[in-house]
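Biologist: I have a protein chain to understand. Please show me the sequence and the structure, and then I will ask about them.

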Amino acid sequence: MIVCLCKGVTDRRIRREAAAGHSLDEVFRRTGAGSGCGSCRLAVARIVAEARAAAKGAERPAAATAKQDAA
């Protein structure tokens with residue numbers, strides 16, 4: 001889905017940048033999203049937050065498993 005119409009930035013691109021560990025400001029800079037009319041900035045921030053939460057959720061089971069294996 002295109003999130004930023006001005007720059008043609010998709011939600012997949014935003015998620016990919018967030019998954020690579022880039023901050024919200026870096027995602028804006030690297031993709032150009034939010035630099036036109038700015039109406040997508042809240043949507044970009046939401047997508048980055050969701051991607052980070054999903055990444056943390058994916059890390060937790062592995063960390064919990066490692067702790068159990070160590071015990």
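Biologist: Which backbone nitrogen does the side chain of T31 reach?

Modeller: Keep in mind that this is a predicted model. T31 lies in helix α2, which covers residues 24-31. The side chain of T31 reaches the backbone oxygen of V27 at 2.7 Å. At 3.1 Å, that side chain also reaches the backbone nitrogen of A33.

Biologist: Is T31 buried or exposed?

Modeller: T31 touches K7, V9, R13 and E17, leaving aside residues up to four places away in sequence. Buried means under 20% relative accessible area. T31 has 10% relative accessibility, so T31 counts as buried.

Biologist: Where do the buried residues of α1 sit around the axis?

Modeller: Helix α1 spans residues 11-19, and D11, I14, E17 and A18 are buried there. They cover an arc of only 125° around the axis, so they sit on the same side of α1. An α-helix has 3.6 residues a turn, so residues three or four places apart point the same way.

Biologist: In what order do the elements of the protein chain run?

Modeller: The protein chain has 3 helices and 2 strands. Start at the N terminus, and the order is β-β-α-α-α.

Note on methods:
Residues numbered from 1 in each chain as written. Predicted model: local features only at pLDDT ≥ 70, side-chain atom pairs only at ≥ 80, totals over all residues. Heavy atoms only, no water. Buried < 20%, exposed > 50% of the residue type's maximum accessible area, 1.4 Å probe, protein only. Helix = DSSP H or I, 4+ residues; strand = E, 2+ residues; numbered from the N terminus. Arc of directions from axis to C-beta. Polar contact = N/O pair within 3.5 Å; in protein donor to acceptor, adjacent residues only side chain to side chain. Contact = heavy atoms within 4.5 Å.
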